Each structure stands twice: as structure tokens, then as C-alpha cells.
Amino acid sequence: MSNPNNVSLNINHALEFIDGNALNIPTLSILTEDGDIHPSATAPAISKHTAIKLYETMRFIRLLDERMQGAQRQGRVSFYMQCLGEEAAVTASAAALDQEDMIMAQYREQAALHYRGFTLDQFMNQMFSNELDLGKGRQMPIHYGSNELNYMTISSPLGTQIPQATGYAYGQKVKHIDAKTGELASIIDNVTICYFGEGAASEGDFHAGLNMAAVHKAPVIFFARNNGYAISTPADEQFKGDGIASRGVGYGIKTIRVDGTDALAVFAATQKAREIASTQGEPVLIESIAYRLGAHSTSDDPSGYRSKDEEANYKTCPIEKFKKWLVKQQWLNEEDDLKAKESIREDILAALKRAEVVQKPALEELVSDVYDTPIPSLVRQYNELKEHIQKHPDAYPVTSGRIK
Amino acid sequence: MAKMNMLHAINSALDITMNEHPQACIFGEDVGYFGGVFRATSGLQEKYGKHRVFNTPLTEQGILGFANGLAAFGAPALAEIQFADYIFPAFDQIVNESAKFRYRSGNEFNVGTLTVRTPYGGGIAGGLYHSQSPEAYFAHTPGLKIVVPRNPYQAKGLLRASIKDDNPVIFFEPKRLYRASTGEVPEEDYSIELGKAEVVQEGSDITVLAWGAQMEIIEDAAKQASEQGIHCEVIDLRSILPWDIDTIAKSVTKTGRLVISHEAPITNGFGAEIAASIQQACFLHLESPILRVCGLDTPYPLALEKEYVPDALKVLAAIKQSMDF
Ligand SMILES: Cc1ncc(C[n+]2csc(CCOP(=O)(O)OP(=O)(O)O)c2C)c(N)n1
């Protein structure tokens with residue numbers, strides 16, 4: 001029986017409250033620590049090509065993170081954020097998607113972007129905010145984005161991408177509605193994935209985004225990266241109840257929780273989620289559990305808020321775990337892996353050196369893209385600025401030599 | 001007196017408040033054990049306990065809604081927004097709720113015990129989302145008070161006054177100065193009256209006005225001007241709302257000239273309000289048009305920050321332009 005407000009009434013005559021912890025959502029786990037398939041689990045169908053690409057992406061990101069963390073300490077870049085511990089969660093989810101699916105990320109998902117084909121030089125150009133940066137040097141390091149790769153440019157305010165993902169996915173769905181009959185095609189060719197942290201899931205935008213997606217059936221995969229911390233705030237000061245997954249259930253959204261250090265579990269869950277979103281035209285929520293092994297960012301020092309003992313409890317390396325499986329499949333051997341690492345390290349250093357010396361964007365880029373074309377007041381301000389710089393070229397060495 | 005940086009001075013003002021009022025609470029993202037991302041609340045949780053100094057979930061809308069409720073109850077609500085750039089999710093709670101609580105209820109209820117602290121402004125290579133100066137958005141809202149200190153001494157005295165003030169106050173802390181600015185600060189309690197500008201340097205030729213971290217810039221420009229024989233009267237506005245028209249008008253009546261500088265974009269920045277009001281108050285005394293040296297009408301950029309900001313050279317150019325008019 002249902003009442004008019006879409007609530008199924010299950011009449012009870014005993015005074016009982018449902019406990020806030022009543023839900024206990026299971027966590028999908030497929031790989032063992034030794035790289036075997038759990039006896040009661042089924043491995044997803046994954047091609048050798050995809051599995052290797054997935055592994056190579058994780059390995060690359062680990063090396064890039066290490067190098068850039070170091071580069072920040074040397075003062076060569078102003079800021080960096082690594083995804084240590086979450087490589088499998090991000091990469092395997094991206095690997096389960098279609099290249100044309102939209103990715104709307106939070107900021108710690110460089111692996112998804114690399115999986116899509118974002119090049120080493122593109123990463124570096126953004127971090128050095130030089131004139132080759134697709135974002136024209138306007139945002140802090142790690143705020144990547146690429147239209148070509150269907151990866152929405154990162155915005156710092158947390159959670160804002162969540163309702164936007166709902167809207168974007170709704171667009172992908174509307175595209176498949178027959179203009180004459182008003183009916184939806186049985187398969188939507190592309191969906192949207194939206195990544196966010198368990199911290200960002202406290203923002204109003206999260207609630208707005210999930211509720212809109214549920215009610216209007218948007219084909220969006222919400223991917224919550226529950227890594228235990230939002231800067232210094234531990235998850236138990238962030239939310240009560242059963243994780244972020246229980247919220248999905250609350251909104252009436254199909255939900256699964258996965259071990260985020262397990263590339264096969266994440267891959268399987270995302271593949272299935274994509275199928276649900278694209279064939280049923282509705283949202284899905286995945287909560288991935290993978291401890292943030294590193295600092296929040298290079299501006300942060302986790303020793304101020306968590307102990308070495310605690311960190312040691314979560315030492316599982318998602319890359320090693322997957323590698324063991326690959327080796328057992330005989331798809332990878334240790335020796336080649338070591339050699340590859342060396343040459344990637346060299347590539348990274350060379351790209352860093354290249355990007356470092358590329359000049360900053362030209363003065364015009366200060367006023368371009370505020371609007372489609374600069375409005376009159378902006379043109380005036382630009383001309384005044386140009387004149388000022390021409391009078392004092394030494395004070396503005398980055399742009400003065402190139403003013404036309 | 002002790003030597004303090006701005007963070008210590010703010011911490012000291014909060015400490016005094018927590019001691020003074022048993023229900024005062026400090027809350028915001030990461031402010032608990034960690035002491036906030038800039039460490040302004042360091043040590044306070046150890047001292048006053050987890051019930052009064054605590055991390056909130058990551059929701060600015062929630063922080064301000066909660067703060068409004070707590071303040072309506074009558075407890076000093078000392079809310080922190082981690083960066084002023086992230087105050088916008090709380091815009092509705094501040095502009096429609098904090099600001100209008102007293103008016104709409106005929107003072108049946110008010111949130112006078114609310115103080116919102118937030119790091120603001122540029123100069124830290126933070127780009128778009130870690131550099132904004134949103135004071136003008138709030139200055140358009142009757143019912144709020146808005147305060148910006150320029151050094152540790154001001155920070156402690158103005159923060160104490162903001163907390164004791166019986167109106168909701170937004171206290172913008174120039175984050176570039178947090179550690180960079182140090183000075184003598186009394187350990188004991190003191191307050192600096194809100195709504196009063198300070199004449200930092202007397203001069204006869206031209207009035208130069210700013211607030212917050214921009215004070216350093218105009219002081220530098222004034223120094224360079226004096227080497228060229230121009231005597232600037234340098235004023236720190238300190239309170240954006242209410243703002244001290246009398247002190248500014250008196251100064252401009254004397255000097256006949258005014259240059260206003262702020263980091264936020266020029267169009268509809270708070271400088272526009274000052275220029276219009278001073279033009280009306282001092283029309284017959286003005287020797288030249290009031291000039292504004294501000295950010296461009298663009299988001300705050302990263303790579304071309306030096307070009308974007310109203311630096312001392314641009315302020316100096318405006319001073320000379322005004323003198324040569
Ligand atoms: C609206 C907003 N408030 C505050 C911040 C500052 N901030 C940046 S990252 C962060 C923590 C985010 O934690 P979480 O969402 O759990 O993701 P994680 O960093 O753990 O991957 C905070 C508070 C912000 N960027 N946006």
C-alpha cells in the first residue's frame with residue numbers, strides 16, 4: 001500500500017524507532033591481498049588490454065605524484081595533491097566507462113584524466129600555469145580539465161559539481177527522448193560520473209544533486225571517495241550512520257559500497273552501475289572505501305591530527321595488489337615493470353623541465369573568457385593596464401616584453 | 001605587551017571570549033584539534049573542550065544556519081569559514097537570515113552574538129578560489145557589520161569589539177598577513193571601536209584610503225610619493241559597514257583629493273560607495289576627481305596576478321594623476 005506521497009506504509013502497532021545504524025551495507029571485495037580472486041567472488045570480464053592500461057595508469061600517477069610532491073618541496077610548483085591509496089578507486093572506475101562519458105571530478109582524480117589520455121605535458125603545463133595550459137594559467141595547480149577528453153575543468157568550491165553532474169546527465173538522457181513519442185530509447189549511449197569526497201558529501205549541493213537525480217532519473221554515477229579524512233576532520237566527525245552509501249538508499253538511489261583498494265571490485269561495480277544508468281536511465285551511487293595514505297595536500301601535515309599507528313593499519317597498496325593479480329595472469333612481469341618505471345621517471349623530469357621554462361600567458365588572457373568577448377569596461381581597463389605596463393616595463397617582466 | 005603575529009592576536013581574542021562566556025562556541029571546518037588550516041584556533045579545544053570548540057561537517061550553509069540558531073539562543077557563536085571564497089554557499093543564511101533576524105521579528109529574536117571569521121584576499125598565489133575579497137556583496141546588506149583589520153593589534157581589538165557588538169559581524173582576515181604581519185599586542189583584553197576609520201599618517205596634499213592588506217600597498221605608495229614631495233594622508237577604513245564617512249570627509253575637505261584602493265574588482269566594489277558619498281559630502285572642496293585603484297573586472301587570476309593587483313606603482317600613478325589634474 002502506498003500513500004500519495006510515494007511512501008509505502010507498513011503499519012506497525014509497536015512503538016519502535018529504526019536505529020540510525022540499522023543499515024549495514026556490505027562492501028564488495030574481489031581481490032585478496034595476494035592478488036587472488038576471493039573463493040566466493042567472481043572476477044569481472046576485463047580484457048588484457050584494459051587491465052594493463054589500468055595498471056599503467058596507476059603506476060604512472062604514483063610516479064607523477066611522487067615527483068610533483070618533491071617538486072613542490074623544492075619550490076618549483078606552488079601546490080600539489082596526490083592520490084596515494086586511492087589510485088585503484090579512481091582508475092578502475094574510469095576504466096569501466098566509455099571514453100565519451102562525462103567525468104566531473106573533485107580534484108584528486110588525476111588518474112581518471114590520465115586514463116582518458118591527458119598527456120604528461122598537459123599535466124605539467126597546467127601545474128606551471130604557463131601559456132600552454134588549457135586553463136590559461138588561471139587556476140592553482142591540479143585544476144585540470146579537457147573538453148576533448150570529456151573531463152570537466154575542476155572548480156575548487158567543494159560539491160558544486162554534484163548537482164551539475166545531475167544536470168549534465170539529464171542532458172545526455174534528454175538527447176535520447178523521441179521528440180514525437182516522448183519516449184526514452186532503451187539505451188542511453190553516454191552517462192556522467194561524478195567524483196567527490198566523503199567530506200564534500202556534507203555540502204548542501206550533495207543533497208540537492210542526489211535528490212534531483214533520483215526524482216528526475218538522471219543517468220549519473222555518483223562516486224563517493226570515502227578516504228576517512230577531509231583535511232584534518234575524520235569521517236566520524238563528518239557523518240553518522242552507515243557511510244555515504246546509506247544516503248543513496250535514503251534518496252531512493254541504487255547503491256553499492258566497494259573496497260576502493262581493489263581494482264577489480266571497483267571495475268565490476270562501476271561497469272554494472274554504468275549499465276544501470278544507461279539502460280534504466282537512473283542514478284547509481286558507489287561508495288569506495290580507501291584510506292587517504294598521504295597528506296591532504298602539500299599545505300597539510302597529517303602528523304598533527306593522526307598517528308603513525310593509525311596510518312600503518314591501512315598499508316594496503318592498491319597498485320601492488322592489482323599487480324600481483326596481473327603477474328599471476330602472466331600479463332605482466334616484474335623486470336619489464338621496473339624498466340618502465342625508470343623510463344617514466346625520466347620522462348616526468350624532462351616534462352617538468354620543459355614546462356617550467358614555457359612563458360606565462362600573455363596579458364590579453366587576463367581579460368579574455370570573462371565573457372565571450374570582453375565588455376567595454378573590460379576593454380577600457382585592459383587598455384589602461386597596458387599603458388601602465390608600457391610606462392613601467394621593468395615592474396611587470398612577465399608580460400611587458402610581449403605587449404603589442 | 002607581547003610580540004604576536006595576526007594569528008596569535010586572533011587566537012588571543014578568541015581565548016578571552018571563551019573564558020568570559022561559558023556558552024561561547026567556536027566551530028568550522030578543521031578548527032577543532034587541528035586548530036584550523038591556518039591554526040587560528042590552535043590550543044583552544046584542549047583548553048575549552050570538544051563541546052565548545054569543534055569541527056563541523058563540511059557545509060558552510062550548515063555552519064551559518066547552525067550559527068544563526070546558536071546565536072538566536074544567545075550564545076556567542078564564533079563561526080569560521082575556511083576561506084572567504086567558500087562563504088557563498090552560506091550566502092542565504094547570512095544575507096537573508098543573520099542580517100534580517102532582528103528586523104523581521106521586531107526584535108523578538110536576534111543573532112547579535114554571531115561573529116563570522118574568514119580568511120580573505122589575495123597575494124598567496126591561490127588563484128580564483130583562494131583570493132577573493134567579497135566584502136562588497138555583504139556591504140549591500142543592511143543588518144550586517146563588516147570589519148577588516150590590517151595588523152595584529154587591530155585584529156585583536158577589532159575582533160573583540162566584533163564579538164561584543166550586539167549585531168552579526170563578518171570579520172575578514174587578510175590571510176596574506178597572518179604570519180607576515182607582527183607587532184606588539186597587549187595580552188590583556190581591549191577593544192577598538194567599530195565603525196571608526198584610523199588616520200595612519202597625516203598629510204596635506206591628498207587622502208589615500210584602503211583597508212586590510214591593501215594598507216601596506218598604499219603606505220608604500222605614500223612613501224614613494226613623499227620622496228617626490230607629495231604629502232599623503234593615509235587612512236585605514238577598518239570597518240566597511242558601517243563606514244566612517246566623517247573621518248574621510250574631514251580629511252578630503254582638508255586635502256581636496258582622494259584615491260581609494262581595494263583588491264576586489266572595481267565595478268560595484270566598496271570604493272564606488274565611498275566615491276559617491278564623498279563626492280556629495282565634499283563637492284566644493286574637491287580639487288580633482290576621486291580615483292579608484294582596484295582589481296580588474298575579472299576573477300582573481302593566478303599566473304598574471306602581478307598585473308591584476310592594485311600594486312603600489314598603480315596607486316602612486318593615481319596619486320600623481322590626481323595631483324596633476
Ligand atoms: C565549499 C568549500 N569549502 C571548503 C573548502 C576547503 N577544502 C578543500 S579540500 C577540503 C576537504 C575535502 O575533503 P573530502 O571531500 O573528504 O575529499 P578528500 O580531500 O578527502 O579527497 C576542504 C575543506 C573548499 N574547497 N570548498
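Predicted model: local features only at pLDDT ≥ 70, side-chain atom pairs only at ≥ 80, totals over all residues.
Visitor: How far is the backbone oxygen of E29(B) from a polar atom of the side chain of Q82(B)?
Guide: Residues are numbered from 1 along each chain as its sequence is written, with chains lettered from A and ligands numbered from 1 in the order in which they are written. A polar contact is a pair of N or O atoms within 3.5 Å; within protein, one must be able to donate a hydrogen and the other to accept it, and residues adjacent in sequence count only if both atoms are side-chain atoms. Between the E29(B) backbone oxygen and the Q82(B) side chain, the distance is 3.3 Å.

Visitor: Which residue has a side chain joined to that of Q82(B) by a polar contact of 3.0 Å?
Guide: Q82(B) lies in the loop between β4 (77–80) and α4 (91–97) of chain B, where helices (H or I, at least four residues) and strands (E, at least two) are DSSP runs numbered from the N terminus. Contact means heavy atoms within 4.5 Å; leaving out residues up to four places away in sequence, Q82(B) touches I231(A), E29(B), D30(B), V37(B), F38(B) and P119(B). The 3.0 Å polar contact between side chains joins Q82(B) to D30(B).

Visitor: Is Q82(B) buried or exposed?
Guide: Buried means under 20% relative accessible area, exposed over 50%, and partly exposed in between (1.4 Å probe, protein chains only). With a relative accessible area of 8%, Q82(B) is therefore buried.

Visitor: Why is the ligand site shared, and between which chains?
Guide: A residue is near a molecule or strand if one of its heavy atoms lies within 4 Å of it. Of the 22 residues around the ligand, Y107(A), R108(A), N227(A), Y229(A) and E60(B) come nearest. The site is shared because the residues surrounding the ligand come from chains A and B.

Visitor: How far from an oxygen atom of the ligand does a backbone N or O atom of Y229(A) lie?
Guide: Ligand oxygen atoms also lie 3.0 Å from a side-chain N or O atom of Q106(A) and 2.9 Å from a polar backbone atom of A200(A). For the backbone N or O atom of Y229(A), the distance is 2.7 Å.

Visitor: Which residue lies over the face of Y229(A)?
Guide: A charge sits over a ring if NZ of Lys or CZ of Arg is within 6 Å of the ring centre and within 35 degrees of the ring normal. In chain B, R104(B) is placed over the face of F101(B), at 4.6 Å from the ring centre. Over Y229(A), at 5.0 Å from the ring centre, lies R306(A).

Visitor: What is the angle between the planes of F54(B) and F66(B)?
Guide: Rings of Phe, Tyr and Trp (its six-membered ring) pair if their centres lie within 6.5 Å; planes under 30 degrees apart count as stacked, over 60 as edge-to-face and the rest as tilted. The whole structure holds 28 aromatic pairs over all chains. F54(B) and F66(B) form an edge-to-face pair, 6.0 Å centre to centre, with an angle of 80°.

Visitor: Which helix holds F66(B)?
Guide: F54(B) is buried at 18% relative accessibility, whereas F66(B), at 44%, is partly exposed. The pair links parts of the chain twelve residues apart: F54(B) is in strand β3 (residues 53–55) of chain B, and F66(B) is in helix α3 (residues 60–73) of chain B.

Visitor: Which residues touch the most other members of the largest nonpolar core?
Guide: A nonpolar core is a set of buried Ala, Val, Leu, Ile, Met, Phe, Trp, Tyr and Cys residues joined through side-chain atoms within 4.5 Å. The largest has 84 residues, and those touching the most other members are L237(B), I248(B), I274(B) and I278(B).

Visitor: How many residues are in the second, separate core?
Guide: That core includes A112(A), I221(A), I319(A) and A351(A). Its residue total is 76.

Visitor: What is omega for the cis peptide bond that joins L241(B) and P242(B)?
Guide: Most residues other than glycine have a negative phi, and most peptide bonds are trans. P242(B) is in the loop between β12 (239–241) and α9 (245–255) of chain B. For the cis bond joining L241(B) and P242(B), omega is about -5°.

Visitor: What is phi of Q330(A)?
Guide: Q330(A) is in the loop between α10 (318–329) and α11 of chain A. Its relative accessible area of 71% makes Q330(A) exposed. Phi of Q330(A) is positive in a residue other than glycine, near 60°.

Technical notes:
Heavy atoms only, no water.
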